[in-house]
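Please read the briefing below alongside the sequence and the model.

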Amino acid sequence: MTVTDVHTHHHHRRDAVINLAPGELPEPGFLYSSGVHPWDTLLPDDEIERRLEEVRRLSRLPEVVAIGEAGIDRLRGASMERQTGIFRRQADISEEAQKPMILHVVKAFPEIIRLKRELKPSQPWIVHGFRGKPELAAELLRAGFYISLGENFNQAAAAVIPPDRLFAETDESTLTIGEIAARLPHMPAATL
Ligand SMILES: [Zn+2]
């Protein structure tokens, strides 16, 4: 499957993975991802369980092609320990469903790299909205991650990402995916 926009919050886009907000349902003819965002990890346990169950249920639908956003954000959300626990549950769902993870990672790259080395997932883990430097991109690539770039990114980092590990995304941008891809040093060729 070829996807040109691996992560967007804009509904009704074709060739895009549309992020479902909690409680939203897929509409026929579109592709989606579903996950518990790190910022939502402060919710009470029963609400987290309800959301994880929703992600699990949605992950079985053919039009839900990825799990996420999920991840770890050191600057926002619950403690690192709680976020990591909720993330692990979603990594399990990703493996069960055999669908990739779309990752939101802020100041927690050592943690996410450690988790990937520990869990050895069969599914791609895609770091979305990457704005880091080339050294961090190289480290993520060595650990087997895929990287998705949006409106704002480091050009030198983009240059070190091989096309087959590179995705583009619109996220919340008002730019089109074509406009974002045109800013990249080479065309993304990674596919879900
Ligand atoms: Zn997003």
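Phe87, Trp125 and Phe145 form one aromatic cluster in this predicted model, where rings of Phe, Tyr and Trp (its six-membered ring) are paired if their centres lie within 6.5 Å, with planes under 30 degrees apart counted as stacked, over 60 as edge-to-face and the rest as tilted. Because the model is predicted, local features need pLDDT of at least 70 and side-chain atom pairs count only at pLDDT 80 or more, whereas totals for chains, interfaces and linings use all residues. Residues are numbered from 1 along each chain as its sequence is written, and side-chain values use heavy atoms, with hydrogens and water left out.

**Aromatic pairs and the nonpolar cores**

- The structure holds four aromatic pairs, and one of them, formed by Phe87 and Trp125, is edge-to-face, at 5.2 Å centre to centre and with 90 degrees between the planes.
- This pair links distant parts of the chain, since Phe87 is in helix 2 and Trp125 is in strand 6 (residues 125-127), 38 residues apart; helices (H or I, at least four residues) and strands (E, at least two) are DSSP runs, numbered from the N terminus.
- Both Phe87 and Trp125 are buried, a term that stands for under 20% relative accessible area, with exposed meaning over 50% and partly exposed in between (1.4 Å probe, protein chains only).
- In the largest nonpolar core, which has 37 residues, the members that touch the most other members are Phe87, Leu103, Ile112, Trp125, Phe130, Phe145 and Leu149; such a core is a set of buried Ala, Val, Leu, Ile, Met, Phe, Trp, Tyr and Cys residues joined through side-chain atoms within 4.5 Å.
- A second, separate core consists of six residues, including Ile18, Leu20, Phe30 and Tyr32.
- Leaving aside residues up to four places away in sequence, Leu103 touches Ala70, Phe87, Ile112, Trp125, Ile126, Val127, His128 and Phe145, where contact means heavy atoms within 4.5 Å.

**Helix 3 and its surroundings**

- Helix 3 (residues 109-119) has as its buried residues Phe109, Glu111, Ile112, Ile113, Leu115 and Lys116.
- The buried residues of helix 3 pack against strand 4, helix 2, strand 5, strand 6 and helix 4 (134-142).
- Arg117 also lies in helix 3, but it counts as exposed because its relative accessibility is 51%.
- The C-alpha atoms of Arg117 and Gly150 are separated by 26 Å, the two residues being 33 residues apart along the chain.
- Lys120, which follows helix 3, has a positive phi, near 45 degrees.

**The zinc site**

- His7 (NE2), His9 (NE2), Glu69 (OE) and Asp171 (OD) coordinate the zinc ion at 2.1 to 2.4 Å; donors are N, O and S atoms within 2.8 Å of the metal (3.2 Å for Na, K and Ca), and sites may look incomplete because water is not among the atoms.
- The arrangement is irregular because the four donor atoms subtend angles of 84 to 176 degrees around the zinc ion.
- For comparison, four donors count as tetrahedral if all angles lie between 85 and 135 degrees; four count as square planar and six as octahedral if opposite donors are over 155 degrees apart and all others between 65 and 115, and anything else is irregular.
- In sequence, the donor residues of the zinc ion follow the spacing H-x1-H-x59-E-x101-D.

**Thr170 and its contacts**

- Thr170 lies in the loop between strand 8 (166-168) and helix 6 (177-182) and is buried, with a relative accessible area of 1%.
- The side chains of Thr170 and Thr8 are joined by a polar contact of 2.8 Å, that is, a pair of N or O atoms within 3.5 Å; within protein, one must be able to donate a hydrogen and the other to accept it, and residues adjacent in sequence count only if both atoms are side-chain atoms.
- Not counting residues up to four places away in sequence, Thr170 touches Asp5, His7, Thr8, His10, Arg13, Leu175, Thr176, Ile177 and Ile180.
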